[in-house]
Amino acid sequence: MKSLVQIAAEVSGYDPQALPVAQAREFIARLVPRVTAIEMLPLRSALGRVLGRDIVCAFNVPAHDNAAMDGYALRGSDLAADAPARLALAGTGLAGQPFCGDVPAGYCVRITTGAVMPAGLDTVVPQEFVRLDGNAVIVPPGAVRSGDNRRFAGEDLAAGEAALPAGRILRPADLGMIASLGVAEVPVLRRLRVAFFSTGDELRSIGEPLDAGCVYDSNRYTLWGMLQRLGVEVLDLGVVRDDPDALEAAFREAAACADAVITSGGVSVGEADHTKAIMARLGEVLFWRIAMRPGRPMAIGRIGVRPDAEGRIGARPRAEERIGTRADTDRGSASDGHTAILFGLPGNPVAVMVTFYAFVRDALLAMSGASVEPLPMLRAASATAIRKKPGRTEFQRGIVSRASDGGWQVSVAAAQGSGILRSMSTANGLVVLGDAQGNVAAGESVDVLPFDGLI
Ligand code: AMP
Ligand code: MG
């Protein structure tokens with residue numbers, strides 16, 4: 001396994017004191033391992049899960065050429081360009097009840113949508129285009145062209161083809177497609193386990209009195225929400241004091257029960273010393289000043305977990321070292337040795353969310369085994385001028401709406417302080433201004449990451 005320093009050496013432009021966002025993302029992408037364990041789930045339970053193996057079609061879908069319209073199946077060669085075709089009716093084929101007889105030239109078959117095309121027939125004329133004359137069907141010239149309104153066998157999915165690739169996060173259309181292959185159970189990757197805790201002597205959990213100078217811990221709620229949306233298993237380990245022993249115990253416990261550990265707070269200059277000393281005992285850590293706003297300080301690390309002589313891993317923090325509540329954790333399934341990845345996020349509530357979306361989201365998806373696609377951005381005209389320094393990436397909270405010309409426009413929030421969660425709640429997207437970007441003039445187009453589908 002490469003050390004963090006070796007990985008850093010592979011990232012061009014790596015400078016821990018002024019790390020560009022793209023380089024931080026590249027570093028993380030090189031660092032994170034992927035889950036490989038597969039479990040079989042009933043089809044519906046697989047919604048939102050990551051496909052563990054390709055789904056290969058065992059047969060053609062549809063299995064036969066079939067009608068795309070209700071009408072009459074015929075031979076295109078019986079149609080004339082300039083005169084009505086008069087065809088005799090040989091019978092009826094319904095969806096699920098195919099017409100199996102022979103159809104001689106000059107004959108047609110009444111057919112419904114989805115019914116198998118009778119042998120030799122290649123065209124369907126919709127019923128509203130024809131006239132009936134006793135047992136004869138009159139097709140006016142030009143009503144259809146040869147081959148119209150026929151679906152081909154295998155045009156949806158061909159036998160032997162990979163219908164869905166491993167790494168796909170299963171969406172409703174995928175469930176339907178898998179069902180069309182008659183597959184009842186789906187191989188999915190096991191869910192990623194992510195533990196998180198907040199650090200800070202000033203933090204109080206909901207339900208506790210708010211002592212002077214204290215704030216309620218909001219990061220555990222935004223993190224919980226963002227992690228839920230990613231579909232990972234979430235383990236809330238509460239609030240941990242700025243105390244080396246309590247922090248070490250929390251890191252050990254988190255790493256023991258999870259693939260990834262997210263902390264908030266305690267990575268800014270001064271506070272980071274605790275974390276540095278602890279991580280030197282538990283694994284490796286790098287501290288970054290990222291060229292971004294909000295969210296400059298961040299730590300990235302790796303905690304090795306090895307079972308002790310009794311097969312236990314980690315040490316449970318003593319109760320008195322903890323503040324607030326914690327959820328029950330599933331420790332059983334992580335009883336072997338493994339490595340947990342640490343994301344040490346800044347403490348400010350908006351910085352937590354922005355760094356999560358900038359770095360942690362894609363990293364967790366990659367760890368989950370998912371193929372990670374870049375998030376779609378809107379181009380929107382800025383309603384106002386925006387002050388922006390080149391040399392860092394800024395994520396500004398904004399409100400996107402339809403402009404009178406039908407395009408998108410975005411108004412950035414006046415309050416962009418990284419502690420002002422309210423403007424994050426009011427916003428419906430983040431304006432992303434890249435490293436090279438300077439001041440933005442009113443009316444200039446900017447990239448916006450919409451929250452819909454993200455948050
Ligand atoms: P830190 O990064 O620990 O220096 O924290 C930066 C700022 O964020 C301080 O004002 C903290 O009080 C605040 N903060 C840190 N963690 C939390 C949290 N979990 N909930 C709300 N505010 C927090
Ligand atoms: Mg702090």
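Buried means under 20% relative accessible area, exposed over 50%, and partly exposed in between, with a 1.4 Å probe and protein chains only. This is a predicted model, in which local features need pLDDT of at least 70 and side-chain atom pairs count only at pLDDT 80 or more. Residues are numbered from 1 along each chain as its sequence is written.

Reader: Is I206 buried or exposed?
Author: I206 sits in the loop between β14 (203–204) and β15 (215–216); strands are DSSP runs of E with at least two residues, helices runs of H or I with at least four, numbered from the N terminus. Its relative accessibility is 58%, so I206 counts as exposed.

Reader: Which elements do the buried residues of α6 pack against?
Author: Helix α6 spans residues 272–282, and its buried residues are A272, T275, I278, M279 and L282. Down the axis they fall within an arc of 130°, so they line one face of the helix; the arc is that of the directions from the axis to the C-beta atoms. With contact meaning heavy atoms within 4.5 Å, the buried residues pack against α5 (244–257), β18 (283–289), β20 (297–305) and β22 (338–345).

Reader: Which exposed residues does the face of α6 turned away from its buried side carry?
Author: The buried residues, including A272 and L282, line one face of α6. The face turned away from that side carries A280 and R281.

Reader: How many residues apart in sequence are the parts that the pair of Y14 and W288 ties together?
Author: Rings of Phe, Tyr and Trp (its six-membered ring) pair if their centres lie within 6.5 Å; planes under 30 degrees apart count as stacked, over 60 as edge-to-face and the rest as tilted. The structure holds 5 aromatic pairs. The rings of Y14 and W288 have centres 6.5 Å apart and planes at 70°, so this pair is edge-to-face. Y14 lies in the loop between α1 (4–10) and α2 (21–31) and W288 in strand β18, so the parts tied together are 274 residues apart.

Conventions
Chains lettered and ligands numbered in written order. Heavy atoms only, no water.
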